[in-house]
Amino acid sequence: MLWTGGSKSSLFCNLKCSLFLNFFVLCHGMLQLAQLLVSGYLKSSISTIERRYGFSSQKSGILASFNEVGNTVLIVFVSFFGSRVHRPRFIGGGALVASLAALMMALPHFISGPYEYTVHISRKSHTQICTQQESHAQQGVFPLLLLGQLLLGIGGVPIQPFGISYIDDYASKRNSPFYLGILLAVTSIGPAFGFMMGSFMLNFYVDIDKMSKDEIGLERGDPRWVGAWWLGFVVAASFLFLTSLPYLFFPQQMPKEEAAGNAKEPRAEEEKKPLPDPVQELTLKQFLKSFPRIALRTLQNPIYLLVVLAQVHLAAMIAGLATFMAKFIERQFTQTASFSNMMIGGVNIPLAVLGIVLGGALMRRLKISTRGSALMCTSAILMCILTALPLLLLGCSTQRVTGNRSLECSSGCSCPIEAFNPVCGSDGVEFRSPCHAGCLTKVLDDNTSKILKYTDCGCIGVSGSYGYALPGTCGSDCKHLLLPFMVLSALTCFIASFSQTPSYMMILRTVRPEDKSFAVGVQYMLFRVLAFLPAPVLYGTAIDTTCIIWGKKCGRNTSCHYYNMDLFRQRFLGLQAFFVTGAFVCFLLSLLVLRHRAGKQGKQAGQGYTMIDRELSPDKNTASKELQNMAA
C-alpha cells in the first residue's frame, strides 16, 4: 500500500487497488475459460476428426495428450522464475501462442479437399481419391495437429501458475481465497463449455463453408456424417486472442490490497511484511541442482507419495474417459456425436464440479483433520467403485454385420473394399454398402430425391426371395439402457470428485511448509508424466484391439467402422474400474499409515498427526538456508 498520510487518500488508493485487482481476476477468469475451452473442444470432436481423416483411436489418444509434452518440459521453470519476470506479459504472450495454436488446429480443414464419402461405387473414382488423399490430407494433417497441440501446451504454461501467484501476492488475506475460488470454479467448468460448444458445432456439416445446404447429401444420424469440427477452434482462437490483450497493459507489480477497515500504520505493515520466498533467492543453477533433491525428499514422505499416486490413478481415468467417453456413447447406444457431447458437458462435468464444491464445504463445515481427510477420500472412492462396476453390464453385443470378405452373392458387383455406406437388410443383417448387399435398384422419394430403400438385394434372402435394405446402420438394441448408464456414470463422477479437496489438503498438511511449492510442482509433473500423457494413448490402444472391421484407404487401415461392442465395453470401462481400484488402495494405505503414526505417538500427544505437521514446520529463514546449502 502507498501511504499519503491521510485516511481519505489511503481509502481511495485501496479502492483503486481493489478495482484494479478485480479487473485482473475477471480477465484471468475469461482467459482460463478460453484456454480450457480449446482443451474440452478437442476432446469433444476427437471421434469426428477420426472419421474425417481416418485416424485410429491410438492416434487420437496421442493427439489428445500431445499438448502435455511442451507443458511438462517447461512447467518446472515456472517455480523458479516466479516474480522475477513480468508475469502479466508472460501470461499474455502465452495466450497469444495458444491462440495461434488453436488456429493451427483448424488449418487442416482449409488445406484439405472436400470431405469424400461413398455414394456411387466406382473403382476409377476411388483410385483418384486415393492419390489425392494420400498426397495431401493423410500425410500432412496429423503432424500439423500435433504441432498445434504442442504449441497449445507451451502457450498454456504461464497462464495458471503466474496468474494465481500474481493474485495471491497482491490480494488481501481476506480476499485471496475468494479470488482463487473463482478461478478454481472457472477451471472446473471450462471443459464443460468446450463439450457444449462441440455439441453445437458438430450439428453443422464439415464443408458448410464450401457448399450450400442443398448440396449436403447426409443427415446427422448417418454413420458417414462429419460435423464442422474446425469451426470451434476458430471461435476459441478468437476468444483467446481477445482475452490475451489486457495482459499486455498490466504492471509487473502493484500495491498490496488491504481488506476494508483493516488499514495499518506503515511501520506496523513493514514489521509484518512476509519473508521472501526461499525459491526466489536461488540462481537458476542452484534451483536446478536443488530441485531433484527436494523432489526426492518430498517423495520419501509416504503420505504424500500415496496421495499423489491415488490422484494419478484418478487423473488417468479422467484423461481417458474425457477423450473417448463420447465415442463410447456414440457406438454403444447408437447416438450422434452432438448428443454424446451434450451428455458429458451438460451432465457429467457439472455434477463433478458440484462434488468438488460440496467436498470442500463439507471439510470446512466439519473441520476435518488430515486423518479425517484420508477417511473421506477412502470412503468416497469405495462408493465410486460400487457405482462404476455395474456400468460393465449396461450394453449390448455388436449388431450382425458382414465382414471385409466378398460374398458370393455380390461377387459380380466388384465392390471396392474402401466403400462404406451402411445399409440395414430386411433380415436384420448390416452391410458395408448396398453393393456388398448385392442390391441392384433403389427407390427414391418423388419430392426430395432421397433414397428410401434399396431393392433386389441378392445377399438378403427373405422367404426364398430377394430382400431389401434401408439406408443407415441397423444400430444396437441398447438405446433403452442409455438413461441408467448416464445416471450411474454421472453419479460416479459426482462421488469421485468428493475426494479432490481433501486429497489436496492432505498434501499441503503433510509436507514441509517451505516445500509446498515444490510438492505441488512435483505433483503436477507426475500428473502429466504418469496420467495425462499415457492414459489417452492407453485407452485408444485398448479400443483399437476391439475393432473387427477397419476402414480402408489406399491399401491402409483408416478409422474403425465396426467394433466388438462387448470387448469395447469391457476394456474401456474395465480400465476405469482398474484406475478407481488403484486410487482406493492408495487412499486406504494412506489412512492406515496415518492411524499407525497416531497410535505410535498417542502417548505424547492427543493427536499424533498434528504433531507430525508441527515437526515439519521450520521457519522460512531455516528453509532458505537449507535450500542454499543443498544447492551449493
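Modeller: Before we start: a residue is called buried when its relative accessible area is under 20%. And keep in mind that this is a predicted model.

Biologist: Thanks! Are R224 and D222 buried or exposed?

Modeller: R224 and D222 are both buried. They also form a salt bridge, with the closest N and O atoms 2.9 Å apart.

Biologist: Nice. How many salt bridges does the count come to?

Modeller: The count comes to six. Another of them joins R528 and E68, where the closest N and O atoms are 3.1 Å apart. That pair links distant parts of the chain: R528 sits in helix α18 and E68 in helix α4, 460 residues apart.

Biologist: Why does R528 count as buried?

Modeller: Because its relative accessibility is 13%. E68 is buried as well, with a relative accessible area of 13%.

Biologist: And what about D566 and R569, how far apart are they in helix α20?

Modeller: They are three residues apart, so about one helical turn separates them. Their side chains meet in a salt bridge, 2.9 Å from N to O. D566 is partly exposed at 23% relative accessibility, whereas R569 is buried at 6%.

Biologist: Switching topic: at what angle do helices α14 and α17 pack?

Modeller: At about 55°, with their axes 7 Å apart. That makes α14 oblique to α17. Residues making the contact include I356 and M363 of α14 and P502 and M505 of α17.

Biologist: Last one: which residues make the nonpolar surface patch?

Modeller: L96, F241, L242, L245, L248 and F249 make it, and it covers about 580 Å². F249 lies in the loop between α10 and α11, and counts as exposed at 71% relative accessibility.

Notes:
Residues numbered from 1 in each chain as written. Predicted model: local features only at pLDDT ≥ 70, side-chain atom pairs only at ≥ 80, totals over all residues. Heavy atoms only, no water. Patch = residues over 30% accessible without salt bridge, like charges linked within 9 Å, V, L, I, M, F, W, Y side chains within 5 Å. Areas by Shrake-Rupley, 256 points an atom, 1.4 Å probe, with all protein chains shown as cover. Salt bridge = Lys/Arg side-chain N within 4 Å of Asp/Glu carboxyl O. Helix = DSSP H or I, 4+ residues; strand = E, 2+ residues; numbered from the N terminus. Buried < 20%, exposed > 50% of the residue type's maximum accessible area, 1.4 Å probe, protein only. Axes fitted to C-alpha atoms, helices over the stretch in contact; angles between N-to-C directions. Parallel < 35°, antiparallel > 145°, perpendicular 65-115°, else oblique. Contact = heavy atoms within 4.5 Å.
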